[in-house]
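The sequence and the structure are shown first, and the description follows.

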Amino acid sequence: MALASSEETKDIYKQILDCYRLSGVSNLFSTFKDEIPSEEKCKEQIRASNIDGLFSEFIDNIFNNKSKELAFWFGDDNLETNNPDIELYQRLITELINMGFNNQLEQAKSVYKITRENSPLLVLAIKFYSSADYNHMQYLENERMVGLKILGHTYDFTKSIRTKPGSRKHRDQTKRFKKDGFTLCHDEKIVKVATRWYYSRVKYSGPKEFCDKMKCKEFTFDPSNISNEIKPCDEAMGYPRKD
């Protein structure tokens with residue numbers, strides 16, 4: 001939604017994608033062609049139902065051969081600061097955050113509640129999203145499969161990810177996620193809450209104005225409920241809440 005909110009944000013995002021063609025950025029954010037297993041090996045492992053092993057090999061290769069890139073992705077913003085291409089890339093991400101994730105009326109007053117410094121997860125998301133976009137990486141999910149399409153190759157992770165509710169594998173997976181501190185919820189709920197966060201924090205001045213705008217709609221919204229509902233998004237984005 002932020003990327004489509006204005007021509008300015010669209011242009012900034014396009015410039016971020018263009019940065020991946022610059023030598024300084026492409027050397028750091030090189031594609032993962034060398035780390036991706038060969039097509040023959042993928043077919044062999046898929047036939048052997050060894051999707052977990054195939055994915056683990058890919059991850060191991062990334063960690064072993066792309067430590068510099070991973071350090072940059074996961075928070076080391078000062079890496080390669082003497083590189084003008086990286087400096088441009090970093091500056092454009094900051095501009096996208098300022099313009100795409102802050103209320104326009106507050107921007108006019110030079111008030112930015114969502115900042116690069118306070119929202120490392122947003123910075124990481126922009127890096128991952130734009131890199132995946134540039135490298136033609138696509139998440140696939142339908143009734144038949146769950147997988148990734150990377151550089152023209154489709155990797156089917158259905159057996160690893162999708163489990164039948166009530167099955168032992170599903171219960172073990174749920175326990176593991178909860179043990180690791182994850183909150184489980186349906187994808188539709190994540191999209192709904194994220195959308196309400198965007199309208200409350202970016203498009204409008206807050207949950208109250210958002211609810212006022214929704215009064216003519218089919219549902220009746222309560223500002224307090226909306227505020228509580230979008231609290232996880234506020235925390236993830238580094239938004240300064242009053243409560």
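## A loop with two serines

The structure is a predicted model. Ser-110 is placed in the loop between helix H7 (104-108) and H8. Phi of Ser-110 is near 60°, a positive value in a residue other than glycine. Most residues other than glycine have a negative phi. Ser-110 counts as exposed because its relative accessibility is 57%, and the cut-off for exposed is over 50%.

Ser-119 also lies in the loop between H7 and H8. Is Ser-119 buried or exposed? Ser-119 has a relative accessible area of 0%, so this residue is buried. Apart from neighbours within four places in sequence, the contacts of Ser-119 are Ile-114, Ala-236 and Met-237. Ser-119 and Met-237 are separated by 118 residues in sequence, yet their C-alpha atoms are 5.0 Å apart in space.

## Overall composition

The protein contains 14 helices and 3 strands. Of its 243 residues, 37% are buried. Among contacts in the protein with a separation of 6 or more, 55% join residues 24 or more positions apart.

## The largest nonpolar core

In soluble globular proteins, nonpolar side chains tend to be buried together. Here the largest nonpolar core comprises 33 residues, and Ile-16, Ile-114 and Trp-197 have the most contacts inside it. Two or more residues of this core come from each of helix H1 (7-19), helix H6 (84-100), helix H8 (120-134), helix H11 (187-203), helix H12 (207-214) and helix H14 (231-237). Which element gives the largest share of this core? H6 does, with 6 residues.

Ile-114, one of the residues with the most contacts inside the core, touches several parts of the chain. When residues up to four places away in sequence are not counted, Ile-114 touches Ile-97, Asn-98, Phe-101, Asn-102, Ser-119, Leu-122, Trp-197, Met-237, Gly-238 and Tyr-239. Trp-197, in this list, is likewise among the residues with the most contacts inside the core.

## Packing of H1 against H8

Two packed helices are described by the angle between their axes and the distance between the axes. For H1 and H8 the angle is about 70°, and the axes are 9 Å apart. H1 is therefore roughly perpendicular to H8, and H1 passes H8 in a right-handed crossing.

On the H1 side, the contact involves Tyr-13, Ile-16 and Leu-17, which meet Ile-126, Tyr-129, Ser-130, Asp-133 and Tyr-134 in H8. By class, these residues comprise 6 nonpolar, 1 polar and 1 charged.

## Packing of H6 against H8

H6 and H8 pack with their axes 11 Å apart, at an angle of about 115°. This angle makes H6 roughly perpendicular to H8. The crossing of H6 and H8 is right-handed.

H6 contributes Tyr-89, Gln-90, Ile-93, Leu-96 and Ile-97 to the contact, while H8 contributes Leu-122, Val-123, Ile-126, Lys-127 and Ser-130. The residues divide into 7 nonpolar, 2 polar and 1 charged.

Terms used:
Residues are numbered from 1 along each chain as its sequence is written. This is a predicted model: local features need pLDDT of at least 70, side-chain atom pairs count only at pLDDT 80 or more; totals for chains, interfaces and linings use all residues. Side-chain values use heavy atoms; hydrogens and water are left out. A nonpolar core is a set of buried Ala, Val, Leu, Ile, Met, Phe, Trp, Tyr and Cys residues joined through side-chain atoms within 4.5 Å. Buried means under 20% relative accessible area, exposed over 50%, partly exposed in between (1.4 Å probe, protein chains only). Helices (H or I, at least four residues) and strands (E, at least two) are DSSP runs, numbered from the N terminus. Contact means heavy atoms within 4.5 Å. Axes are lines fitted to C-alpha atoms, for helices over the stretch in contact, and angles run from 0 to 180 degrees between N-to-C directions. Angles under 35 degrees count as roughly parallel, over 145 as roughly antiparallel, 65 to 115 as roughly perpendicular and the rest as oblique. A crossing is left-handed if the near helix is turned anticlockwise from the far one by less than a right angle, and right-handed if clockwise. Ala, Val, Leu, Ile, Met, Phe, Trp, Tyr, Cys and Pro count as nonpolar, Asp, Glu, Lys and Arg as charged, and the others, Gly among them, as polar.
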